[in-house]
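Please walk through this protein with me, taking one part after another and keeping the sequence beside the picture as we go.

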Amino acid sequence: MIDYYSPTAEFYDLVGGQHWAHSDPALASALAGTDTGHGPVLDLGAGTGRTTEVIARALPGARILAVEPSPGMRAALTSRVVRDEDLRPRVTVVADRAQDVELPDRLSAAVICGVLGYLDREERATLWDRLLERLPAGAPVVVELMALSTPQPVAPMRIARQRLGDQEYEAWLSGEPCGTGQMRWSATWRVLNGKKVVREVDVTHKWYTFGIQDLAAETGMTAKQLTPELGVLMR
């Protein structure tokens with residue numbers, strides 16, 4: 001997954017671990033049976049490598065192109081790959097953005113997490129054109145979705161909490177509409193030792209809202225929602 005709200009991989013793993021724990025089986029199921037002989041599997045927005053690991057387990061032997069532009073995330077991703085003797089020969093890590101990444105001539109499947117909402121309609125159309133010409137019929141494109149498909153106010157809510165040693169890590173999120181089809185998300189990442197705030201990071205970003213059927217209309221593919229956070233598009 002891409003650098004959602006925080007520049008630090010530690011907070012990303014805090015939320016990503018809780019977020020993906022119940023989505024991992026759905027991702028693996030969506031990829032099951034994919035013919036990986038057509039080309040590598042694209043992991044666009046690979047983050048710290050959690051999705052990369054799921055792809056590798058679901059598709060033994062598949063080559064994986066893991067794309068992550070955030071330096072902090074990419075460092076964690078590379079470290080994860082280096083530590084795993086199965087991943088090392090299979091995973092290629094690149095630093096490009098979705099708009100700029102050089103894709104191989106052929107792909108077997110694609111997993112796109114934490115990326116699409118940063119792209120406007122024109123940028124998404126360009127990405128779809130590049131992807132679809134490289135994918136065979138029947139290849140899955142698994143996409144991460146947000147809970148909202150249309151802009152609306154979201155009151156502050158705690159989305160993750162985890163104790164590590166003597167410290168507790170929290171992530172809070174709120175949102176508000178900020179234009180046609182867009183949300184402005186505000187996140188607070190906090191480390192506490194007892195009641196003392198050791199560190200706090202506040203980050204905002206804009207995100208285009210859409211649902212899985214909106215993506216189906218954009219691409220001409222068929223769509224299925226797998227979980228509240230995950231959908232799959234098929235040619």
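Rings of Phe, Tyr and Trp, with the six-membered ring taken for Trp, count as a pair if their centres lie within 6.5 Å, and planes over 60 degrees apart make such a pair edge-to-face. The model shown here is a predicted one, and by this rule the count comes to 1 aromatic pair. The ring centres of Tyr118 and Trp207 are 5.1 Å apart and their planes stand at 80 degrees, so this pair is edge-to-face. The two partners come from distant parts of the chain, since Tyr118 belongs to the loop between S4 and H5 while Trp207 belongs to strand S9 (residues 196-208), 89 residues apart. Tyr118 is partly exposed, with a relative accessible area of 27%, whereas Trp207, at 3% relative accessibility, counts as buried.

How far can the coordinates be trusted, in terms of pLDDT? The chain averages a pLDDT of 90, and 91% of the residues score at least 70. Over residues 1-7, however, the pLDDT is below 50, although this stretch has 43 contacts in the model beyond near neighbours in sequence. Where pLDDT is low, the predicted coordinates should not be read in detail.

We can turn next to the sheet. Strands of a sheet pair through backbone hydrogen bonds, either parallel or antiparallel. Here 7 strands form an open sheet with mixed pairing, and their order is S3-S2-S1-S4-S5-S11-S10. Its edge strands are S3 (91-94) and S10 (222-227), each of which pairs on one side only. On average, and with direction ignored, neighbouring strands of this sheet are turned by 15 degrees against each other.

Strand S5 (residues 140-144) pairs with strand S11 (residues 230-234) in the antiparallel sense over 5 bridges, and Glu144 has Leu230 in S11 as its bridge partner. S10 and S11 also pair in the antiparallel sense over 5 bridges; a hairpin joins S10 to S11 through 2 residues, and Gln225 stands opposite Gly231 in S11.

Helices lie against these strands. Helix H2 (residues 24-31) lies across strand S4 (109-112), S5, S10 and S11, and runs at about 160 degrees to S5. Helix H4 (residues 71-83) packs on the sheet as well, where it touches strand S2 (64-67) and S3, and its direction makes about 165 degrees with that of S3.

Which residues have the most contacts inside the largest nonpolar core? That core has 28 residues, and the ones with the most contacts inside it are Trp128 and Val143. At least two residues of this core come from each of strand S1 (41-44), S2, S4, helix H5 (121-132), S5 and helix H6 (212-219), and H5 gives the most, with 4 residues. Leaving aside residues up to four places away in sequence, Val143 touches a set of residues that includes Ile112, Leu116, Trp128, Ile212, Leu215 and Leu233. There is also a second, separate core of 23 residues, and among them are Val41, Ala46, Leu87 and Val111.

One last stop is Gly194, which is placed in the loop between strand S8 (182-193) and S9. At 56% relative accessibility, Gly194 counts as exposed. Gly194 and Gln182 are 12 residues apart in sequence, and from C-alpha to C-alpha they are 37 Å apart in space.

Methods. Residues numbered from 1 in each chain as written. Predicted model: local features only at pLDDT ≥ 70, side-chain atom pairs only at ≥ 80, totals over all residues. Heavy atoms only, no water. Pairing = 2+ DSSP bridges. Axes fitted to C-alpha atoms, helices over the stretch in contact; angles between N-to-C directions. Contact = heavy atoms within 4.5 Å. Core = buried A, V, L, I, M, F, W, Y, C linked by side-chain atoms within 4.5 Å. Buried < 20%, exposed > 50% of the residue type's maximum accessible area, 1.4 Å probe, protein only. pLDDT = per-residue confidence, 0-100. Phe/Tyr/Trp six-rings, centres within 6.5 Å; stacked < 30°, edge-to-face > 60°.
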